Amino acid sequence: MKHIAGCYPKIPSPCLCLNIRRASRAVTELYEKVLAPSGIKITQYSLLRHLEQVEPVTISELAKFMRIDRTTLNRNMKPLSEMGFIKINIGEDPRSRQVMLTEAGKSALSTATTLWDEAQASLQEYLGDTEVEQFNYLISKLEALVP
């Protein structure tokens, strides 16, 4: 991350929300670049990782586990289903849908995890242990705004 030296620090906006959104876009771009060879975006990677932990699971349960709304989850699942990485079946209740990883999804997740580890290590090294700890505290505090 030597290319960052001339760019840091950027002048923050007086709007905290804007600063958070800008930082989020920058971090997302970092992960997207590193994950690019896997063909999976960071949002897709997150969905697959969460699904791996709780599968098989209903769409509603997965949305709750991921702390996102069902509409967003459904939109994010569509390309993964089209790529053959997840399978969506009728659940125990005919009105519900159950989601699970396919073998192709498990393989893609394994490949992407190696790349995600690289992005994660790079960002952790850039921030340093103390700042990662502070960051995690602040993010948890901000997430608590909406229980």
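Which residues does S96 touch, not counting residues up to four places away in sequence? Keep that in mind as we walk through the model; the tour comes back to S96 in the loop between β2 and β3.

**Before you start**

This is a predicted model, where local features need pLDDT of at least 70 and side-chain atom pairs count only at pLDDT 80 or more, while totals for chains, interfaces and linings use all residues. Residues are numbered from 1 along each chain as its sequence is written, and side-chain values use heavy atoms, with hydrogens and water left out.

**Stop 1: the whole chain**

You will find 6 helices and 3 strands, where helices (H or I, at least four residues) and strands (E, at least two) are DSSP runs numbered from the N terminus. Following the sequence, the pattern reads α-α-β-α-α-β-β-α-α. The C-alpha trace spans about 55 × 35 × 25 Å along its principal axes. The chain has 147 residues, and 26% of them count as buried; buried means under 20% relative accessible area, exposed over 50%, and partly exposed in between (1.4 Å probe, protein chains only). Take the contacts between residues at least 6 apart in sequence: 51% of them join residues at least 24 apart. Contact here means heavy atoms within 4.5 Å.

**Stop 2**

Select residues 57-58, 86-90 and 97-101. They form an open sheet of 3 strands in the order β1-β3-β2, with antiparallel pairing; two strands pair if DSSP finds at least two bridges between them. At the edges sit β1 (57-58) and β2 (86-90), each pairing on one side only. Between β2 and β3 there are 5 bridges, and N89 stands opposite Q98 in β3.

Zoom in on S96 for the opening question. S96 touches T58, N89, I90 and G91, and S96 counts as buried because its relative accessibility is 18%.

While α2 is on screen, pick Q44, which lies in that helix. Q44 has 9% relative accessibility, so this residue counts as buried. Leaving aside neighbours within four places in sequence, Q44 is in contact with G39, P79, L80 and M83.

**Stop 2: the nonpolar core**

Switch to side chains and select L48, L73 and I86. These have the most contacts inside the largest nonpolar core, which has 26 residues. Such a core is a set of buried Ala, Val, Leu, Ile, Met, Phe, Trp, Tyr and Cys residues joined through side-chain atoms within 4.5 Å. At least two core residues come from each of α1 (16-35), α2, α3 (59-66), α4 (70-82), β3 and α5 (103-127), and α5 supplies the largest share, 6 residues. Center on L73 next: beyond its neighbours within four places in sequence, L73 is in contact with L47, I59, L62, A63, M66 and I68.

**Stop 3: the largest pocket**

Helices α1, α2, α3, α4, α5 and α6 (129-143) each give two or more residues to the lining, with α1 giving the most, 13 residues.

**Stop 4: backbone details and a distance**

- Select E55 and P56: a cis peptide bond joins them, with omega about -15 degrees. P56 lies in the loop between α2 and β1.
- Select R67, in the loop between α3 and α4. Phi of R67 is near 60 degrees, a positive value in a residue other than glycine. R67 counts as exposed because its relative accessibility is 66%.
- Select L138, in helix α6. The C-alpha atoms of L138 and V27 are separated by 16 Å, with the two residues 111 apart along the chain.
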